[in-house]
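Dear colleague,

Here is the structure I said I would hand over. My notes on it follow below.

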Amino acid sequence: MTQPTSALHIPYVPQLDEMSMENIVTALDDLGVRRTVDCLNWKEEYPYKPLTAVTIAHSGQYIYIDFFVRCNYLRAVNYDNNSPVHQDSCVEFFVEPTGTLPYYNFEFNCIGTIHAACRTDRHNGTPLTDGQLDRVRRLASCGTRPFNELEGMFSWNLLVAIPLDLMGLKYEGKPIEMRGNFYKCADATASPHFLSWAPISTPQPDFHRPEFFAPIVLD
């Protein structure tokens, strides 16, 4: 039986809002909390396991997440808002801001293209508008221009800053209890894979399963 994932406590670091995105990447190494995204839930069919980690903090205004990946294939074909970025080299944050439905799926390819919606399940949701998506700040080490799949040895990171109010949250100095998960995938690459932070017990890859979300607390 799979053991429950311990709660992730995200530290409060208000000074991040005063920094450039480049400096935030460095600051998170010292001030944020890091977790690996290494649950290989479907290892028989999808054994590939690129090194993936997230480093996180919040400012009371934004959740800052720095995704770091080391992999053998790199793909970034999608460049329009709400395009199928899961086909590319992709990292994801799914969250129930109030600990119950609805949840938000924030999906990013390695050039920062974003797909996001407010959902009750995989098939029922409202995509975020272009104006809402533009409020999610992003800094991609791969740049922002699309490219076809490359093979080699790659290390890349993507820093994202998600406004709390975009998810209906207001931080007032007290912990906010949420539930969520972090993912790494790349469905259309030569080596598709599906990794998660908190384990998922389904026969086939399926990230849209809030019942497997783990506790996340904004301290």
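In which sense do E4 and E5 pair, and over how many bridges? E4 and E5 pair in the antiparallel sense, over eight bridges. Strands here (E, at least two residues) and helices (H or I, at least four) are DSSP runs numbered from the N terminus, and two strands pair if DSSP finds at least two bridges between them.

Before the rest, the basis. This is a predicted model, in which local features need pLDDT of at least 70 and side-chain atom pairs count only at pLDDT 80 or more, while totals for chains, interfaces and linings use all residues. Residues are numbered from 1 along each chain as its sequence is written, and side-chain values use heavy atoms, with hydrogens and water left out.

The sheet

E4 and E5 belong to an open sheet of five strands with antiparallel pairing, in the order E2-E4-E5-E11-E10. Strand E2 (33–36) and strand E10 (137–140) are the edge strands, each pairing on one side only. On average, neighbouring strands of this sheet are turned by 20 degrees against each other, direction ignored (axes are lines fitted to C-alpha atoms, for helices over the stretch in contact, and angles run from 0 to 180 degrees between N-to-C directions).

E2 and E4 pair in the antiparallel sense over four bridges. Thr-55 in E4 stands opposite Arg-34 and also opposite Asp-66 in E5. Three residues lie between E4 and E5 in the hairpin that they form, and Gly-60 in the turn has a positive phi of about 90 degrees.

The helix on the sheet

Helix H1 (residues 21–31) packs on the sheet and touches E2, E4, E5 (62–76), E10 and E11 (147–163); contact means heavy atoms within 4.5 Å. The direction of H1 makes about 85 degrees with that of E10. Met-21, Ile-24, Val-25, Ala-27 and Leu-28 of H1 are buried, where buried means under 20% relative accessible area, exposed over 50% and partly exposed in between (1.4 Å probe, protein chains only). Their cover includes E4, E5, E10 and E11.

E4 is largely enclosed by the rest of the structure, because seven of its eight residues are buried. Ile-56 is in E4 (residues 51–58) and counts as buried because its relative accessibility is 0%. Among the residues that Ile-56 touches are Leu-28, Val-33, Ile-65 and Phe-182.

Ser-89 is in the loop between E5 and strand E6 (90–96). Ser-89 is buried, with a relative accessible area of 1%, and its contacts include Tyr-73, Phe-108, Trp-156 and Cys-185.

Regards

Conventions. Lists of a residue's contacts leave out its neighbours within four places in sequence.
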